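Hello,

I am passing a structure on to you, and below it you will find my notes on what turned up. Please have a look at the model before you read on.

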Amino acid sequence: MTVDENLAQISNITLYGGMTAYLFSFIAYACDLAEGGKEIRSREQRRQAHASVGGTATLEKPASARRRRAAAVGTSLFVLATLLHLASVITRGVSVHRVPWGNMFEFALTGTLVVAVGYLVAVLRAHKAGLGGGRDARYLGTFVTGPILATLGIALRTFYVEAAQLVPALDSYWLIIHVFVAILATALSTLGFSATVLQLVQEKRDRVKAAGKRAGGVFMDALPGSVELERTAFRLNAVAFVMWTFTLIAGAVWAQVAWNRYWNWDSKEVWTFVIWVVYAAYLHARATRGWDGRRAAWLSVLGFACMLFNYLVVNIFFPGLHSYAGV
Amino acid sequence: MARTDETHLDDLRDEYADAENSSSGKGRRKRELASEMKPLEFLRYCWRQLTSMRTALFLLMLLAVAAVPGSTFPQENNDPSGVAQWEIDHPTAYPWVDRLQGFHVYSSVWFSAIYLLLFISLIGCVLPRVGVHWKSLRSRPPRTPARLNRLPEHREATVSVSPQEVLDAAHTVLRKRRFRSERRDGSLSAEKGHHRETGNLVFHLSLVGLLIAIASSSLFSYSGQRLVTVGGTTVGTTFDSFTGGTWTTIDDVPPFTLSLDSMDVSFEENQTSQIGQPRTFAAHVTLTDEPGAESRTETIAVNHPAKVGHTQISLSGNGYAPVLVVRDGQGNVVQDGPTAFLPQSANYDSTGVVKVPDAVDANGEAVQLGIRGVFLPTASSNADGTPVSSFPDALNPVLVANVWTGDLGLDDGVAQNVYTLDTTQMTQVVGDDGQAVALTMAPGDTVELPNGLGSVEFVGVERFASFDIRYTPGQTAALVFALLASAGLIASLFLPRRRVWVKAHSLDGATRVEVAGLARGNDAGLAEEVDGVLARLRESLGESVDEDPASSPPPPAVGDHEQPAHAPEEKP
């Protein structure tokens, strides 16, 4: 089977288009956050003005229920970007007659698509559940488009390889299962990580506020509180943990077929295990008094850091059977 | 996941009123407490500490940290040559890392100690909970609260049928929704999601099973490696290297016969950026399970192993075996056949050695010859003129070799590496010009050696395959336990624990129905559940119910994220 190089070219062009759309979506979402901050600040000023003249307080719309034109533009652009991204992934796959996750570049390409689709699903579900009550998931927009753009940029710059057939070692249907579950797990933990970072920022601001000081980053007031963010992060990380467990099991089954043993502490196996244990510690920490909340959140951040390390460092610099040093 | 510090403390709490305090991290106080204890009490104290959630968490993090050195140092089990190289590169650090068992981390004392303590802690925590859970599975759903409208989810409706009929219908509806439902006077009490805890226990106990499965495989497993050239045959009693388990030896390998009939190997030739990337590795073999059995042909490829009984044979490597014919000074053929050269690079620059122990020179005197060479499947010149292979397929095969005479060291009985030439007692053959003889041969070439040592003919080149023959008992058990653990994990993370109560009482000739729900921890789906129960109830009663829109209370205050420690429900 030969590689359809025309189609591979189309895949690259649609990816550039998608990245451009992501970039504008990122800008629109950032504007939305800035507007949210401005609105909250002006509302506070009005409230103070009211209080000083002793007038009756008018009912204010909550920040999340306001019309968010910039967020709407951001989401429309995001949908466009995701469609182009999807087209890029599909054409890449068709051009090489296989699933589009046979090397690190394709892993990043497909992984970010899963992140994008996961974000859109979250937005849709939140929309269905009603826009009021701070359930609008678009607050994550900036923190999703940012990492997607960064990942695609790094992947194009550092890991890019031309569309090609698989080497025999990867030519197995276990590639479809093992790597796809790993992509899902990585994508979900990325979303979970975004929510965790926001949670930690909100908690920090809560503490500053509790101390009677003014917390910076007023736009964060437009976002849900740390408790809701924690819950969102937990749900994402819990699903990601299950996916990671399946990645591990599927990997072991494939290793049994490909290398004749299911577990041999290859450096990638070591790090998959380390990530699993760290996320397990996170889940346990949530159920331990004195460890819930901020400390558990830091554990999940550590878990995500290990995941990045596993992808960026172990693949390239550690000798082992998962080596992609040739990228 | 829902492991708390409290569950296993119950029986101890009476004796140590301040046990809670001591476990909340005040180290100094802890030590004082410990020193006043009698031995038995001290043991119980230690046990309690070991099985506490905090210790488990600490051990988990320690396990993650302890696993890391195994990826930064080469390990004996999967990279012995890496360890040898590390010793050469870091002569001062090596003995220290070795003393700290840094080259076999996963069987080291400290790593084993951590995971064994973790598993003891796990068992100590989980086993008592099995009993508690067993009891709670058989206990009745809780009493109906007096005022349902205080609960987070509450709906009211009016129907025309009698309260009795409403409750009967509600019972069926709740059963269908997987609730355990029970009649109390004038109300129904229902509960679901008990298997969240079942899942939790199954997950943890399956990990114990997994550990046992892995341990059992180290007792009964074995693995052997064997290199076979095309046309060659191997049997299950000879290996180039063999590692038995604690209770297995080479005699446990089934007496199979494997003949390598041919090899299919191909590399990318067309796509510019991928030139030389492997595309096919397949060994066509004839397998006979045991002497006298019928033989079968199989293709062993990467990702496609063959099986003899429960023993799995996989293709672990391939390379070239140049066929050399060596004639000695008297014209006797003293060497004829393929010799495997081990590939050293992606383009298969391969090194190897041919040892000729029984030759005579032109004068009839016994002489030993050693030929050390580099085989280049597609020879070309490097920038500095050194020969190098530029493509992995045999498009322009060339053998470059030196010849040595003297003592090969085969006679002193010490096992020798067949791929290296020990030249300590040998001298390099020098030509008439005083230069060391360097043979550079293409297939078909014959070179006469100086000093009447005979000749070397490079007949052609064969391929070889390396096979990994391995038996891993307990792998099915390991898989089953891993899948069980996953199922338990899913249940323990995603099964919601919910309670629903239905009340019905007569009011002005009609019946007033109340449905209320309570979840353990935070549960976004609770409102939907209560609505669903009411909707199904309405359907089964076959009448439209006027729901009182004002009966839904405002959503619960945000602030109670799922926190099993706050809801020690399973305690009697």
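**Two domains in chain A**

In chain A, 28 residues of domain 1 are in contact with 23 residues of domain 2, where contact means that the C-beta atoms of two residues, placed from the backbone, lie within 7 Å. Domain 1 of chain A covers 1–166 and domain 2 covers 172–327; these bounds come from an automatic or database domain assignment.

Before going further, please note that this is a predicted model, in which local features need pLDDT of at least 70, side-chain atom pairs count only at pLDDT 80 or more, and totals for chains, interfaces and linings use all residues. Residues are numbered from 1 along each chain as its sequence is written, while chains are lettered from A and ligands numbered from 1 in the order in which they are written.

On the side of domain 1 of chain A that touches domain 2, two or more residues each come from α1 (5–53), α3 (104–128) and α4 (141–159) of chain A. Helices (H or I, at least four residues) and strands (E, at least two) are DSSP runs, numbered from the N terminus. The biggest contributor to this side of domain 1 is α3(A), with eight residues. By class, this side of domain 1 has 18 nonpolar, nine polar and one charged residues. Here Ala, Val, Leu, Ile, Met, Phe, Trp, Tyr, Cys and Pro count as nonpolar, Asp, Glu, Lys and Arg as charged, and the others, Gly among them, as polar.

**Where the chains meet**

Between the chains, 55 residues of chain B are in contact with 50 residues of chain A. The elements of chain B that each supply at least two residues to its side are α5 (53–67), α6 (69–72), β8, β11 (311–327), β22 (454–471) and α12 (475–494). Of these, α5(B) has the largest share, nine residues. The chain B side divides into 26 nonpolar, 23 polar and six charged residues.

What does α5(B) pack against? Its axis and that of α7 (residues 267–286) of chain A come within 9 Å and cross at roughly 160° (axes are lines fitted to C-alpha atoms, for helices over the stretch in contact, and angles run from 0 to 180 degrees between N-to-C directions). That angle makes α7(A) roughly antiparallel to α5(B), the term for angles over 145 degrees. Residues that meet here include A:Phe273 and A:Val277 of α7(A), and B:Leu57 and B:Leu60 of α5(B). The contact of α7(A) with α5(B) counts 16 nonpolar, one polar and no charged residues.

**Inside chain B**

Chain B also has an open sheet of four strands in the order β5-β7-β8-β9, with antiparallel pairing; two strands pair if DSSP finds at least two bridges between them. The edge strands, β5 (233–235) and β9 (295–301) of chain B, each pair on one side only. Neighbouring strands of this sheet are turned by 30° against each other on average, direction ignored. Strands β7 (residues 257–267) and β8 (residues 278–288) of chain B are joined by 10 bridges, and B:Ser262 stands opposite B:His284 in β8(B).

Finally, helices α10 (residues 163–176) and α13 (residues 526–541) of chain B pack at an angle of about 125°, with their axes 9 Å apart. The contact residues of α10(B) and α13(B) divide into eight nonpolar, two polar and one charged.

Best wishes

Conventions
Angles under 35 degrees count as roughly parallel, over 145 as roughly antiparallel, 65 to 115 as roughly perpendicular and the rest as oblique.
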